[in-house]
Amino acid sequence: MLHLDNGFDLRPAVPADAARIALWMAQPHIQRWWQQDWPVERWAQELSTQSAGEHSIPCVAAVDSQDFGYVEVYRVRHDRLAEYYASHDHDWGVHVAIGDVTRVGRGLGRQLLRALADALLRADPQCERVVAEPDIDNTPSVRAFAAAGFVQQGELQLPEKTALLMVRTRTMQQ
Ligand SMILES: CC(C)(COP(=O)(O)OP(=O)(O)OC[C@H]1O[C@@H](n2cnc3c(N)ncnc32)[C@H](O)[C@@H]1OP(=O)(O)O)[C@@H](O)C(=O)NCCC(=O)NCCS
């Protein structure tokens with residue numbers, strides 16, 4: 001369990017979380033952008049595979065001890081994203097989805113993203129950048145990342161989407 005600022009916690013997602021994550025992923029506001037509305041079994045396999053590998057850490061996010069979303073924290077050097085910008089070995093990337101639909105669009109996403117980026121930069125002194133690649137049309141996501149201190153660094157033409165590269169660097173305090 002990783003405690004973040006502002007009452008957020010992250011814990012590694014395990015196959016027992018697959019049923020809830022599959023339900024979250026099937027919701028239209030997430031399905032539209034993640035396109036991972038898979039059966040429970042496939043999610044259980046995905047969580048096992050990610051947990052066993054070096055690429056990505058799947059997590060359940062909670063605020064005030066209430067689970068509300070799914071986060072993947074990934075090493076850019078092990079991700080296809082490394083081929084699309086001048087990445088550094090210690091860059092971390094984040095994927096985020098608020099599964100509890102009653103909590104979407106209320107500022108929780110930007111708070112989580114800020115707390116998450118701060119925690120990654122604190123935990124890994126060699127990391128200078130936390131990045132994301134939201135679809136250019138995903139306005140809520142782009143705005144939430146921007147409000148969390150991520151800066152747009154240009155467009156990326158990925159195989160399935162045009163994305164904005166959004167980069168959060170250290171602040172003076174970090
Ligand atoms: C992306 C996500 C994590 C953001 O979290 P959130 O708590 O909803 O975001 P916030 O409330 O902090 O900010 C949302 C912003 O988008 C704006 N917004 C919300 N719906 C919008 C819409 N339909 N059109 C335009 N802007 C919209 C809000 O006004 C707010 O921006 P502003 O305060 O600058 O005006 C969340 O919406 C989510 O899980 N979406 C589905 C999955 C997803 O898209 N993940 C990101 C993949 S990169």
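**Entry 1: around the ligand**

I began with the make-up of the shell around the ligand: by class, I find 11 nonpolar, 7 polar and 3 charged residues. I keep in mind throughout that this is a predicted model.

How many residues surround the ligand, and which are the closest? I get 21 residues, and the closest are Val96, Ile98, Gly105, Gly107 and Gly109.

H5 gives the largest share, with 5 residues.

I also looked up where the ligand sits, and the place is the largest pocket.

**Entry 2: polar atoms facing the ligand**

Here I went through the contacts to oxygen atoms of the ligand one by one.

- Ile98 comes in through its backbone: an N or O atom there lies 2.7 Å from an oxygen atom of the ligand.
- Asn138 uses its side chain, with a polar atom 2.8 Å from an oxygen atom of the ligand.
- Arg110 also has a polar side-chain atom to note, this one 2.9 Å from an oxygen atom of the ligand.

How much of the ligand's accessible area does the protein cover? On its own the ligand has 960 Å², and the protein covers 72% of that.

**Entry 3: the sheet**

I then turned to the strands. I trace 8 of them in an open sheet, in the order S1-S2-S3-S4-S5-S6-S8-S7, with mixed pairing. Why is one side of S1 and of S7 left without a neighbour in the sheet? Strand S1 (2–3) and strand S7 (151–157) stand at the edges and have a single partner strand each, so one side of each stays without a neighbour there.

I walked along the pairs from the S1 end. S1 pairs with strand S2 (residues 8–12) in the antiparallel sense, over 2 bridges. His3 is the residue I find opposite Asp9 in S2. The hairpin of S1 and S2 has 4 residues between the strands, and Asn6 in that hairpin takes a positive phi near 60 degrees.

S2 goes on to pair with S3, again in the antiparallel sense, over 5 bridges. I marked Pro12 here, whose bridge partner in S3 is Cys59.

Further along, strand S4 (residues 66–75) and S5 run antiparallel and are joined by 7 bridges. Tyr74 stands opposite Gly93 of S5.

At the S7 end, what is the sense of the pairing between S7 and strand S8 (residues 162–169)? It is antiparallel, over 5 bridges. A hairpin of 4 residues joins S7 to S8, and Gln157 has Thr162 in S8 as its bridge partner.

**Entry 4: positive phi in two loops**

Gln35 has a phi near 50 degrees, and its place is in the loop between H2 and helix H3 (40–52). Asp64, also not a glycine, has a positive phi of about 50 degrees. I find Asp64 in the loop between strand S3 (56–63) and S4.

Technical notes
Residues numbered from 1 in each chain as written. Predicted model: local features only at pLDDT ≥ 70, side-chain atom pairs only at ≥ 80, totals over all residues. Heavy atoms only, no water. Near = heavy atom within 4 Å. Polar contact = N/O pair within 3.5 Å; in protein donor to acceptor, adjacent residues only side chain to side chain. Areas by Shrake-Rupley, 256 points an atom, 1.4 Å probe, with all protein chains shown as cover. 1 Å grid on protein atoms, 1.4 Å probe; cavity = no way out; pocket = protein on both sides within 12 Å on 5 of 7 lines; lining within 4 Å. Sits in = over half its atoms within 2 Å of the grid points. Nonpolar A, V, L, I, M, F, W, Y, C, P; charged D, E, K, R; others polar. Pairing = 2+ DSSP bridges.
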